[in-house]
Amino acid sequence: MTSAQKTPDDDRAPPWGLVLVAAVQGAQAFVVGGVTLWVLTLVAGGSDSPGASSTVAWVVASAAAVVTLPLSFRWIRRGVDALLAQPSGLDVSPFASPSTELDGPAEVLAAMAGTIRDALDVSAVQIQAFPSPIAPLSIGPQVAGSWAAGATATVGPPAGSWADVPLVLAGHDYGMVRVAFRGRSARTGFKSHLLGHLTRQVALVVSSAVLREELARSRERLVLAREEERRRIRRDLHDGLGPSLAGISLQLRALCRQLDPHDPNLTAIDEIHHSVGNATAEVRRVVEDLRPPLLDDCGLVEAIRNLQLVPASLLLTIEAPSPPPPLPAAVEVALYRIAVEAVHNTVRHAAATRCAVELQLDPSNATLTVTDNGCGPHADARPGVGTSAMAERASELGGTVSIERAPNGGTLVCAVLPMRAGQSA
Amino acid sequence: MRRFGRTWLWRVAAVLSTLVALQGVVLYDVPGLIEGASASRDPYWLVLGSFASDVAALIAAFGAWRRQVWGVVLLIVVNMFWVVQAVTTLFDPKDEADVVFALVMVVVHVAVLLCCLGPGRVNSSVQDADVARGMTR
């Protein structure tokens with residue numbers, strides 16, 4: 001069971017802890033009663049009737065002892081529980097569910113180092129994650145703060161002798177766990193054994209994070225290569241095969257004109273001309289399917305501006321750098337498709353009169369925001385096919401898409417795509 | 001910011017118990033043991049019991065200082081014994097100084113028990129990670 005699934009019973013002391021609670025309560029009753037009796041006896045020292053005052057003192061002291069018992073029971077019980085249930089208080093969540101997506105490598109390593117330090121009761125723990133050992137996949141730029149670039153986290157003041165344990169898994173050296181024991185005597189066999197177990201968990205977490213990151217990078221590169229290849233094929237078809245077929249068609253038409261109208265070959269040539277026309281149409285269809293033709297014809301900004309689905313009642317404004325810098329094919333297509341889907345949704349669902357598309361480009365990210373003044377997203381709306389497609393397109397490139405309510409009450413779609421996808425090809 | 005955690009309270013309890021135990025060994029146990037069973041002013045079993053409790057307190061203080069649960073539990077047990085002994089002394093003092101000493105001991109032992117069972121949790125890794133971020137950056 002992970003710490004995330006902890007029940008209240010996990011923080012309870014074992015049954016024999018109740019013996020300790022009872023003993024402490026007994027001592028408390030003795031002290032309260034004893035001190036009360038001593039004070040009352042002292043006060044009543046000059047009394048004329050020592051027998052009666054002594055009885056009263058005993059009654060008051062006993063009452064004080066009994067009354068204070070329930071008052072302190074919960075406090076003592078909580079203290080004993082916290083004391084005896086200490087091992088389950090160890091935070092193992094960094095191992096059970098490392099948030100490698102939300103936190104950076106340094107945060108994840110620091111959390112695990114803290115847990116190891118708690119478990120081993122050592123002076124300091126340092127975890128080093130080496131730069132990605134999976135070299136063949138690491139052809140892209142290594143972004144600072146990523147697992148591929150490596151990271152180090154230290155918890156506790158370094159003191160004493162360091163013990164180094166390498167993080168090796170499946171033949172790959174992922175890093176090192178360094179533990180500073182408090183002197184030689186503190187390094188017991190049990191602690192070394194426990195350190196070995198914890199180090200294996202650290203190696204699993206680090207390796208899975210590295211592999212996850214490499215997988216995402218690999219997918220980015222695949223998508224980028226796919227789009228670049230599509231652009232090249234489209235250009236070849238459009239500039240090579242298309243004109244060739246058109247030329248053949250013209251030649252056939254000229255040949256038809258030169259032949260006698262009653263020539264028996266004329267029918268066959270006419271069929272060939274018809275087939276060439278079909279082939280040309282097929283090539284044009286393939287070219288258009290490979291990549292939105294508007295992107296190559298007039299660029300991203302104009303392609304969005306020329307969306308034919310926008311009704312006259314919707315005022316579409318576009319703000320983008322002019323002239324827009326050249327974008328990687330994958331990023332360009334993804335931005336176009338996301339913008340089209342977002343504007344589609346505005347037209348179909350938002351009942352808006354204005355829609356603003358804004359494109360911001362910087363060296364690290366391309367940010368596309370589509371804002372309308374419509375009714376805004378429904379609170380209980382489930383993501384549909386279009387919304388999922390937007391998220392998938394962004395995710396393929398390591399980016400994100402968020403859909404939220406705009407400050408004016410409409411819908412705000414924000415897509416952020418990293419530009420590094422274009423640099424790693 | 002790092003909290004004044006439970007482990008620090010345990011260390012305070014360990015220091016207080018060590019001082020009390022050393023005082024007991026130096027002022028009561030060693031003279032009593034040197035005098036021997038025949039010459040001792042107090043019953044000899046009391047001297048031996050006191051010495052045993054002082055040694056147990058020193059061991060417990062060592063454990064509590066090292067943040068070991070067994071040390072804290074032993075510290076609680078020894079101080080419960082001592083506080084009962086101190087309250088008993090109030091009713092049969094040899095002189096005024098004995099009363100004052102017993103009262104001081106009651107306060108010290110109660111303080112030790114409060115430190116051992118006091119509030120606060122064991123420092124979690126998340127807290128330590130926060131500290132680490134401040135240290136490594």
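Tutor: A residue is buried if 20 or more other C-beta atoms lie within 10 Å of its own, exposed if 12 or fewer, and partly exposed in between. Keep in mind that this is a predicted model.

Student: OK, so is Ala29(A) buried, exposed or partly exposed?

Tutor: Ala29(A) has 19 other C-beta atoms within 10 Å, so Ala29(A) is partly exposed.

Student: Which helix does Ala29(A) lie in?

Tutor: Helix H1 of chain A, residues 17–43.

Student: And what is Ala29(A) in contact with, leaving aside neighbours within four places in sequence?

Tutor: Ala65(A) and Leu69(A). Leu69(A) is 40 residues from Ala29(A) in sequence, but their C-alpha atoms are 6.8 Å apart in space.

Student: Switching to chain B. At what angle do H1(B) and H4(B) pack?

Tutor: At about 150°, with the axes 8 Å apart. Angles over 145 degrees count as roughly antiparallel, so H1(B) is roughly antiparallel to H4(B). The crossing is left-handed.

Student: Which residues make that contact?

Tutor: Among them are Leu9(B), Trp10(B) and Ser17(B) of H1(B), and Val108(B) and Cys116(B) of H4(B). By class, the contact has eleven nonpolar residues, one polar and no charged ones.

Student: Back to chain A. What order do the strands of the open sheet have?

Tutor: The order is E2-E1-E4-E3, with antiparallel pairing. E2(A) and E3(A) are the edge strands, each pairing on one side only.

Student: How many bridges join E1(A) to E4(A)?

Tutor: Six. Ala129(A), for instance, has Gly175(A) as its bridge partner in E4(A).

Student: Which helix lies across E1, E2 and E4 of chain A?

Tutor: H4(A), residues 105–120, running at about 35° to E2(A).

Technical notes
Residues are numbered from 1 along each chain as its sequence is written. Chains are lettered from A and ligands numbered from 1 in the order in which they are written. This is a predicted model: local features need pLDDT of at least 70, side-chain atom pairs count only at pLDDT 80 or more; totals for chains, interfaces and linings use all residues. Helices (H or I, at least four residues) and strands (E, at least two) are DSSP runs, numbered from the N terminus. Two residues are in contact if their C-beta atoms, placed from the backbone, lie within 7 Å. Axes are lines fitted to C-alpha atoms, for helices over the stretch in contact, and angles run from 0 to 180 degrees between N-to-C directions. Angles under 35 degrees count as roughly parallel, over 145 as roughly antiparallel, 65 to 115 as roughly perpendicular and the rest as oblique. A crossing is left-handed if the near helix is turned anticlockwise from the far one by less than a right angle, and right-handed if clockwise. Ala, Val, Leu, Ile, Met, Phe, Trp, Tyr, Cys and Pro count as nonpolar, Asp, Glu, Lys and Arg as charged, and the others, Gly among them, as polar. Two strands pair if DSSP finds at least two bridges between them.
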